[in-house]
Amino acid sequence: MDREIQQRHPHLKKYVAVAIGVATAVAVVAWAVSRMTSDTYSTTTAGMTFGDVTEGEFRDYIRLNGRVETGTTVQVSALETGIVESRLAEEGAMVEAGDVIITLHNPTLRQQILDSESQLAEKQNMLRDTELAMEKERLEIKRQLLEARTELARKRRAMEQQDALYKESLTSREEYLQAREDYELARESFELLRDRLSQDSVYRAVQINMMRESLDNMRENFALVRSRADNLNIRASHAGQLGSLSAEIGQSISSGQQVGQINILDRYKITTQIDEHYIDRVEAGLKGSMERGGKVYEVSVAKVYPEVAEGKFRADMVIEGALPENIRVGQTYYLTLELGNASKAVMVPRGSYSQTTAGKWVFVVSEDGREATRREIRIGRQNPDFFEVKEGLRPGERIITSSYRDFTEADRLKIDDRD
């Protein structure tokens, strides 16, 4: 038995194809819309700033704040131990070399001075007594020598008489020999006394010299002890301004202890703190400038300290040539430090955008100003006004320099001129 075959709807295939096409289109549109909403951000120019990419001379410099300090500081220290008795100058006072700043009291040192003075007087008296005794002995020997000379002359005459008489047989041989022996004894006694006088003179001279050297040494020692008493007066070693004074009345001060400092005001330095980013580029001899009272003064780096604290390192700068009027310790000066010579480069203005991008990318504005596209860049040197662009931008292009905080995830910006 035959069955009747019913035909399908003649437009079914057409409807299916249309439905598939519509679904595909809807999916594409949905993807495009989702893509647009995720990567494109619409904004207005309200609060937005722009900067041009330029090519020109790039000045490699940084701006710094510096504090004026004295170029030379002299420490004030105690030479002797003692108790502070008085303060004759206060912090900030101008002092001259030799001015007494602090006086100390030391009873033990005073007793040492008195003992040394007593020993010196005793030594001087002993030397005088010794010299008197030696002089007395010398005179006594000289008197004996005179008596011996007289006796020798008499014995010579007696011997000569006996010799003449003996030749004429007018005296005995015994008397002649006795007269001759008396003469020989007198002569030898005279020679002995003369040798003694000569030797005693040498001995006395040596002894006196030794005693005088000892006395001179004692005088020097006494002078040193007396100078220690003067050291109880702590004096200014240089002329300048008394910067600090840490000794209080009644305080015990030990020998060598620092009690203050003097700022010598004939030369100043400017101390500044520099970001550690520049530590490899800042060295002694770099030039810079500062402005004060409408005048520009040249400065140079005198010393760089290697220690880094809280992301900064310290450098000392000196003013070349004449100093500014009324310069004072503690003043703040604004400095410009040149890190290198100016050179030709592509540059973009600095702005708050770099806080978000770290200089790795920017939004480049289209020619009509209605769009901005995200673009990767590479920067090199930087100064307070510009970044040097190594790659990614061309002169004549324009970028957004304001903050990117609201559209950090966007690849493209739609810009409306309306505020």
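Is Glu 338 buried, partly exposed or exposed? At 24% relative accessibility, Glu 338 counts as partly exposed; buried denotes a relative accessible area under 20%, exposed one over 50%, and partly exposed the range in between, with a 1.4 Å probe and protein chains only. The close-up views below show a predicted model, in which local features need pLDDT of at least 70 and side-chain atom pairs count only at pLDDT 80 or more, whereas totals for chains, interfaces and linings use all residues. Residues are numbered from 1 along each chain as its sequence is written, and side-chain values use heavy atoms, with hydrogens and water left out.

**View 1**
Arg 59 forms a salt bridge with Glu 338, their closest N and O atoms lying 2.5 Å apart. The pair links distant parts of the chain, with Arg 59 in the loop between β3 (54-58) and β4 and Glu 338 in strand β15 (residues 332-338), 279 residues apart. A salt bridge here is a side-chain nitrogen of Lys or Arg within 4 Å of a carboxyl oxygen of Asp or Glu. Helices (H or I, at least four residues) and strands (E, at least two) are DSSP runs, numbered from the N terminus. Arg 59 is partly exposed, at 40% relative accessibility. Asp 60 forms a salt bridge with Arg 281, with 2.0 Å between the closest N and O atoms. This pair also links distant parts of the chain: Asp 60 is in the loop between β3 and β4, and Arg 281 is in the loop between β11 and β12 (287-292), 221 residues apart. Asp 60 counts as buried, at 1% relative accessibility, while Arg 281 is partly exposed at 32%. A search of the whole structure finds 25 salt bridges.

The side chains of Arg 143 and Glu 140 meet in a salt bridge, at 2.5 Å from N to O. Because the two residues are 3 residues apart in helix α2, Arg 143 and Glu 140 are separated by about one helical turn. Arg 143 is partly exposed, with a relative accessible area of 36%, and Glu 140 is partly exposed, with 33%. Elsewhere, salt bridges that share partners join Arg 67, Glu 69, Lys 269, Arg 314 and Asp 316 into one network.

Gly 66 lies in strand β4 (residues 61-77) and is buried, with a relative accessible area of 3%. Leaving aside neighbours within four places in sequence, Gly 66 is in contact (heavy atoms within 4.5 Å) with Ile 270, Thr 271, Thr 272, Gln 331, Thr 332, Tyr 333 and Leu 335. The C-alpha atoms of Gly 66 and Ile 274 are separated by 9.8 Å, although these residues are 208 residues apart along the chain.

**View 1. The largest nonpolar core.**
This core has 28 residues, and those with the most contacts inside it are Ile 101, Ile 102, Leu 104, Ile 234, Ile 253, Val 259 and Ile 262. The elements giving two or more residues to the core are β4, β7 (100-105), α2, α3, β9 (240-245) and β11 (258-275). Helix α3 gives the most, with 5 residues. A nonpolar core is a set of buried Ala, Val, Leu, Ile, Met, Phe, Trp, Tyr and Cys residues joined through side-chain atoms within 4.5 Å.

**View 2. Antiparallel strand pairing.**
An open sheet of 4 strands has the order β8-β7-β5-β10, with antiparallel pairing. Its edge strands, β8 (233-235) and β10 (252-253), each pair on one side only. Two strands pair if DSSP finds at least two bridges between them. The antiparallel strands β7 and β8 are joined by 3 bridges, and Val 100 has Arg 235 in β8 as its bridge partner. In another region, 4 bridges join strand β16 (residues 343-349) to strand β20 (residues 386-391), which run antiparallel; Pro 349 stands opposite Phe 386 in β20. Strand β19 (residues 378-382) is joined to β20 by 3 bridges, again antiparallel, with Arg 378 opposite Glu 391. The hairpin formed by β19 and β20 has 3 residues between the strands.

**View 3. Loop residues with positive phi.**
Ser 169 is not a glycine, yet has a positive phi of about 60 degrees. Ser 169 is found in the loop between α2 (107-167) and α3 (173-230) and is exposed at 64% relative accessibility. Ala 358 has a positive phi near 55 degrees and lies in the loop between α4 (353-357) and β17 (361-365). Ala 358 is exposed, with a relative accessible area of 55%.
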